[in-house]
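Welcome, and thanks for opening the viewer. Let's walk through this structure together, one selection at a time.

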Amino acid sequence: MNALLWLINTVIQLYIYILIASAVLSWLVAFNVVNVRNPIVSQIGEFLYRVTEPVLRPIRNLLPNLGGVDISPIILILLLLFVQKLITDLYIQMVL
């Protein structure tokens, strides 16, 4: 069971890193720091979009319009950290 807990925590942590990378890439594209016509940047952006968008879209639908500010990645990261802590605490209670 300890290995399963480690795997779940690692997957959640990796997904948080992917969310951060997606947000940073979107800022870099918005400020014309990187060119989306570059095939490598385009492939990375497409991968990040396909991995994060299905989870972020329902959160965006629930949030009110904040005038161009997207806080859905922050909310998702907080939810993932909560789930990670909850799973760890439940495992500790189960063991004791």
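## Starting from the annotation

Begin by selecting residues 12–34 and 66–87: the unreviewed UniProt entry annotates them as "transmembrane region". Keep in mind as you look that this is a predicted model. Across residues 12–34 you will find 83% helix and 0% strand, with the end C-alpha atoms 28 Å apart. Now switch to residues 66–87, where the chain is 73% helix and 0% strand and the end C-alpha atoms lie 32 Å apart.

## Next stop: α2

Select α2, residues 39–62. Follow the helix along to Glu53, where α2 bends by about 50°. Pro54, a proline, follows within four residues. How far apart are the end C-alpha atoms of α2? They are 34 Å apart, which agrees with the 34 Å that 24 residues should span at 1.5 Å a residue.

Now colour the buried residues of α2: Val41, Leu48, Thr52, Glu53, Leu56 and Ile59. These buried residues pack against α1 and α3.

## Last stop: α3

Select helix α3, residues 72–95. Its 24 residues should span 34 Å at 1.5 Å a residue, and the end C-alpha atoms are 35 Å apart, which agrees. Which residues of α3 are buried? They are Ser72, Pro73, Leu76, Ile77, Leu80, Gln84 and Tyr91. To see what they pack against, show α1 (2–30) and α2 (39–62) alongside them.

Notes: Residues numbered from 1 in each chain as written. Predicted model: local features only at pLDDT ≥ 70, side-chain atom pairs only at ≥ 80, totals over all residues. Heavy atoms only, no water. Helix = DSSP H or I, 4+ residues; strand = E, 2+ residues; numbered from the N terminus. Expected span 1.5 Å × (residues − 1). Buried < 20%, exposed > 50% of the residue type's maximum accessible area, 1.4 Å probe, protein only. Contact = heavy atoms within 4.5 Å. Bend = angle between axes of the 7 residues up to and from the residue. UniProt positions renumbered as here; feature names shortened; annotations may be inferred.
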